Number of protein chains: 2
Amino acid sequence: MTDIPVPPWRKTRVPSAPRTALSRELIVSTGLRIVDAEGLEALSMRRVAQELGTGPASLYAHVANKEELLDLIYDRVMAEIAVPEPDPERWLEQLREMIMDAFRVFGSHADIARVGLANIPTSPNALRIAEGQLAIMLAGGVPPRIAGLMLDRFGLYICADAYESALYVNRQRGSDKDLDAFLEETFGQIREFYQSLPAGRFPLLAGHVDALTGPDGDERFAFGLDLMLRGLASYVQDADADGSPTPKG
Amino acid sequence: MTDIPVPPWRKTRVPSAPRTALSRELIVSTGLRIVDAEGLEALSMRRVAQELGTGPASLYAHVANKEELLDLIYDRVMAEIAVPEPDPERWLEQLREMIMDAFRVFGSHADIARVGLANIPTSPNALRIAEGQLAIMLAGGVPPRIAGLMLDRFGLYICADAYESALYVNRQRGSDKDLDAFLEETFGQIREFYQSLPAGRFPLLAGHVDALTGPDGDERFAFGLDLMLRGLASYVQDADADGSPTPKG
DNA sequence: TACTTGACGCGAACAGTGTTCGTTTATATA
DNA sequence: TATATAAACGAACACTGTTCGCGTCAAGTA
């Protein structure tokens, strides 16, 4: 039996390849790979679908929408953050290490930290980390109300700084320079700009360029974290029953 | 002389209305109005053009691209932030007031604060504010290196928190509830979620729902700001020549 | 006065976005 | 084997930022 030719006016739907089963896991992994390599901006449903050899509509059988995909990727990243067993003798240092670790983890995943903004922990790993940080603070004698506030502030601080840092890196993607050269040029231009400011109008900015532009991103993060941790410590040493710190002139 | 009818195959370009001159000022004002009413997401070049009775391509004679438009709108918002004359006797309180003012200003302009992230002050009002904050800190005896770091951290903190707060508000735009009802429902659901967490796995989160969800956004901002300001004060009282704080066990 | 130049505005088009809808295909179940 | 359900598919919708070539207008110059 010879094959009957298909009439040229008939549309046939030709699958491009044998179907490999999609899964949520596969979509999330692929999405994370794209973000890692090219940033959030490159993450479109079409792009993920293309990487998987399918069409964007197919993804919706596994994730509700793009926002859900982002949340899933974010929680995947959170899985890389370790939670130590609380030690009351060194709870402050444990907090510092854990937060520095989180900052580093986010820093290795492009601008994924943006997803953490306005994102109250409800996913498995976000809850695990929140529980862990809360445990460390309570073990160290931090009053619960303060611990709750600090959980929130730490989360904001880490995500905001990691996201901001990543935004600078994002700008290099549209450039033909490598990252180091790009950042050096960018911040060099900012130095020159500040040096060229009219001293009559901006004498302090123009006169303290080194102080303003000297420290790098990691130093800035560590400095702010130190401030927060020192402030937190003062609630343990000074606190009375309702969690109010002793007034300090 | 009667008018000669236009042949129907000829495309004529019919101006929709008498030309009112566009200007950068007009585009920025219109953009800000859209952001204020509907958030950054509603700000497209087409939308601004439509509001001005023109086409999107016309905007490019006045602004280089959308990013420049955002920067101009942002600086417009910054113009609403007052800068006091430094008073060495109450420099800390001045800083607090100025930062609270900035937070309030950003809060009244939807999610514009996002533009401030990774945005080193170079525009007129951003420079004015940076110079003002620097002046207050230096007048209060803060070492220049610390002042430079704090400028950066304050900027990040204000923009991040204002932006995060606005993200919650943004979600209400797609809802049929008014803002208060929406926020109450949202955070009520979060409370229930935390209360329903398995106590075997998340005992602290499940057991401290009130501490975690009680404070509102303004309280959280103020608490974090207080931490930073207390930390900053310690650099003035404790600082030696190189700006290092005295070690505190 | 006629011509040139620059600024401004315009419409069409490009290449892209998230998502829905109805249909087709594959798999599971009775 | 027939039916039901889940997964995948293609087309389409309504939208995005931006560029390109063209037309119009005003100002400047020969």
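## Two copies and their axis

A rotation of 180°, with 0.0 Å of shift along its axis, places chain B on chain A with an RMSD of 0.0 Å. The two copies are therefore related as by a two-fold rotation axis. In general, two copies of a chain are related by a rotation about an axis and a shift along it. The model described here is a predicted one.

The same surface serves both copies, since 100% of the contact residues of chain B recur in chain A.

## The contact between the chains

How many residues of chain B are in contact with chain A? There are 43 in chain B, and they are in contact with 43 residues of chain A. On the chain B side, the elements that give two or more residues are helix H6 (124-139), helix H7 (144-173), helix H8 (179-195), helix H9 (203-207), helix H10 (209-213) and helix H11 (217-238). H7(B) gives the most to this side, with 15 residues.

Sorted by class, the residues of chain B that touch chain A are 28 nonpolar, six polar and nine charged.

## The build of chain A

Chain A has 11 helices and zero strands. Read along the sequence, the pattern of chain A is α-α-α-α-α-α-α-α-α-α-α. Of the 249 residues in chain A, 34% are buried.

Contacts can also be sorted by how far apart the partners are in sequence. Among contacts in chain A between residues at least 6 apart in sequence, 64% join residues at least 24 apart.

## Two domains in chain A

Chain A is divided into domain 1 (24-77) and domain 2 (79-238). The C-alpha centres of domain 1 of chain A and domain 2 of chain A are 26 Å apart. Across the boundary, 12 residues of domain 1 of chain A are in contact with 17 residues of domain 2 of chain A.

Which helices of chain A supply at least two residues of the domain 1 side? They are helix H1 (24-38) and helix H4 (66-78). H4(A) gives the most to the side of domain 1 that touches domain 2, with seven residues. By class, that side of domain 1 of chain A has six nonpolar, one polar and five charged residues.

## The surface near the DNA

DNA strand D is surrounded by 20 residues, and the closest are A:Thr54, A:Ala57, B:Ser44, B:Asn65 and B:Lys66. The elements that give two or more residues to the surface near DNA strand D are helix H3 (56-59) of chain A, together with helix H2 (45-51) and helix H3 (56-59) of chain B.

H2(B) gives the most to the surface near DNA strand D, with three residues. Nine residues of this surface are nonpolar, six are polar and five are charged.

## The nonpolar core

In soluble globular proteins, nonpolar side chains tend to be buried together. The largest nonpolar core in this model has 122 residues. Those that touch the most other members are A:Ile73, A:Ile112, A:Ile158, B:Ile73, B:Ile112 and B:Ile158. Leaving aside neighbours within four places in sequence, A:Ile158 is in contact with A:Ile99, A:Ala102, A:Phe103 and A:Phe106.

## One residue in helix H1

A:Ile27 is in helix H1 of chain A. Is A:Ile27 buried or exposed? A:Ile27 counts as buried because it has 24 C-beta neighbours inside 10 Å, and the cut-off for a buried residue is 20 or more.

Not counting residues up to four places away in sequence, A:Ile27 touches A:Leu22, A:Val48, A:Leu59, A:His62, A:Val63 and A:Leu69. A:Ile27 and A:Leu59 are 32 residues apart along the chain, and their C-alpha atoms are separated by 7.5 Å.

## Two alanines in a loop of chain B

B:Ala110 lies in the loop between helix H5 (91-107) and H6 of chain B. Phi of B:Ala110 is near 50°, a positive value in a residue other than glycine. B:Ala110 is buried, because 26 other C-beta atoms lie within 10 Å.

B:Ala118 lies in the loop between H5 and H6 of chain B. Phi of B:Ala118 is near 55°, again a positive value in a residue other than glycine. B:Ala118 has 18 other C-beta atoms within 10 Å, so B:Ala118 is partly exposed.

Terms used: Residues are numbered from 1 along each chain as its sequence is written. Chains are lettered from A and ligands numbered from 1 in the order in which they are written. This is a predicted model: local features need pLDDT of at least 70, side-chain atom pairs count only at pLDDT 80 or more; totals for chains, interfaces and linings use all residues. A residue is near a molecule or strand if its C-beta atom, placed from the backbone, lies within 6 Å of it. Helices (H or I, at least four residues) and strands (E, at least two) are DSSP runs, numbered from the N terminus. Ala, Val, Leu, Ile, Met, Phe, Trp, Tyr, Cys and Pro count as nonpolar, Asp, Glu, Lys and Arg as charged, and the others, Gly among them, as polar. Two residues are in contact if their C-beta atoms, placed from the backbone, lie within 7 Å. Copies are superposed by least squares on the C-alpha atoms of residues with pLDDT of at least 70 in both. A residue is buried if 20 or more other C-beta atoms lie within 10 Å of its own, exposed if 12 or fewer, and partly exposed in between; C-beta atoms are placed from the backbone. Domain bounds come from an automatic or database domain assignment. A nonpolar core is a set of buried Ala, Val, Leu, Ile, Met, Phe, Trp, Tyr and Cys residues joined through C-beta atoms within 7 Å.
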